[in-house]
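Me: I am new to this structure and would like to learn how to read it. Please take me through the main features one at a time.

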Amino acid sequence: MKALFIAYNQAYNDEIVDLLAENRQRGYTRWTDIQGKGNFNGIPRLGSHAWPEMNHAVLVMVEDEKVSKLLSELKAKDEASPDLGLRAFVWNIENFY
């Protein structure tokens, strides 16, 4: 089992939720209105007058065999609109109930 953490521009929200549903990932935890600045292009998302956009994030538990496909689809989405910003991270889950 893996934990997939996806941080993304708020404009992606419906697309990310749809992508998870298409891959039969029902359960997730989502955080909204997250501030941050990407480490590649560094475009701030601060919800301020100067930088009004915000980010969202999703944490989803994924079976090992589904991780590659999800990451590939997320990467394609990011490459199609690189200015929006989307990052995905995978962590090993050792125990859960």
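**Reading the sheet and helices**

Reply: An open sheet of four strands runs in the order β2-β5-β1-β6, with antiparallel pairing. Helices (H or I, at least four residues) and strands (E, at least two) are DSSP runs, numbered from the N terminus. This is a predicted model, in which local features need pLDDT of at least 70 and side-chain atom pairs count only at pLDDT 80 or more, while totals for chains, interfaces and linings use all residues. Residues are numbered from 1 along each chain as its sequence is written, and side-chain values use heavy atoms, with hydrogens and water left out.

Me: Which strands are the edge strands of the sheet?

Reply: Strands of a sheet pair through backbone hydrogen bonds, either parallel or antiparallel. Two strands count as paired if DSSP finds at least two bridges between them. Here the edges are β2 (29-34) and β6 (86-92), each of which pairs on one side only. From one strand to the next the twist averages 15°.

Me: Over how many bridges do β1 and β5 pair?

Reply: Strand β1 (residues 2-9) and strand β5 (residues 55-62) pair over eight bridges, in the antiparallel sense. In this pairing Ile6 stands opposite Val58 in β5. β1 also pairs with β6 in the antiparallel sense, over seven bridges, and Leu4 stands opposite Val90 in β6.

Me: Is β1 mostly covered or mostly open?

Reply: Buried means under 20% relative accessible area, exposed over 50%, and partly exposed in between (1.4 Å probe, protein chains only). β1 is mostly covered, with six of its eight residues buried.

Me: How do I read the angle at which the axes of α1 and α2 cross?

Reply: Axes are lines fitted to C-alpha atoms, for helices over the stretch in contact, and angles run from 0 to 180 degrees between N-to-C directions. Angles under 35 degrees count as roughly parallel, over 145 as roughly antiparallel, 65 to 115 as roughly perpendicular and the rest as oblique. The axes of helix α1 (residues 13-22) and helix α2 (residues 67-80) come within 11 Å and cross at roughly 155°. Therefore α1 is roughly antiparallel to α2.

Me: Which residues of α1 and α2 meet?

Reply: Contact means heavy atoms within 4.5 Å. Glu15, Ile16, Leu19 and Leu20 in α1 meet Leu70, Glu73, Leu74 and Lys77 in α2. By class, this contact of α1 with α2 has five nonpolar, no polar and three charged residues. Ala, Val, Leu, Ile, Met, Phe, Trp, Tyr, Cys and Pro count as nonpolar, Asp, Glu, Lys and Arg as charged, and the others, Gly among them, as polar.

Me: Are Asp78 and Ala21 buried or exposed?

Reply: Asp78, found in helix α2, counts as buried because its relative accessibility is 13%. Leaving aside residues up to four places away in sequence, Asp78 touches Tyr12, Gly85, Leu86 and Arg87. Ala21, in helix α1, counts as exposed, at 54% relative accessibility.

Me: What is the phi of Arg24?

Reply: Most residues other than glycine have a negative phi. Arg24 has a positive phi of about 55° although it is not a glycine. Arg24 is placed in the loop between α1 and β2 and is exposed, with a relative accessible area of 72%. Asp33, in strand β2, also has a positive phi, near 55°.
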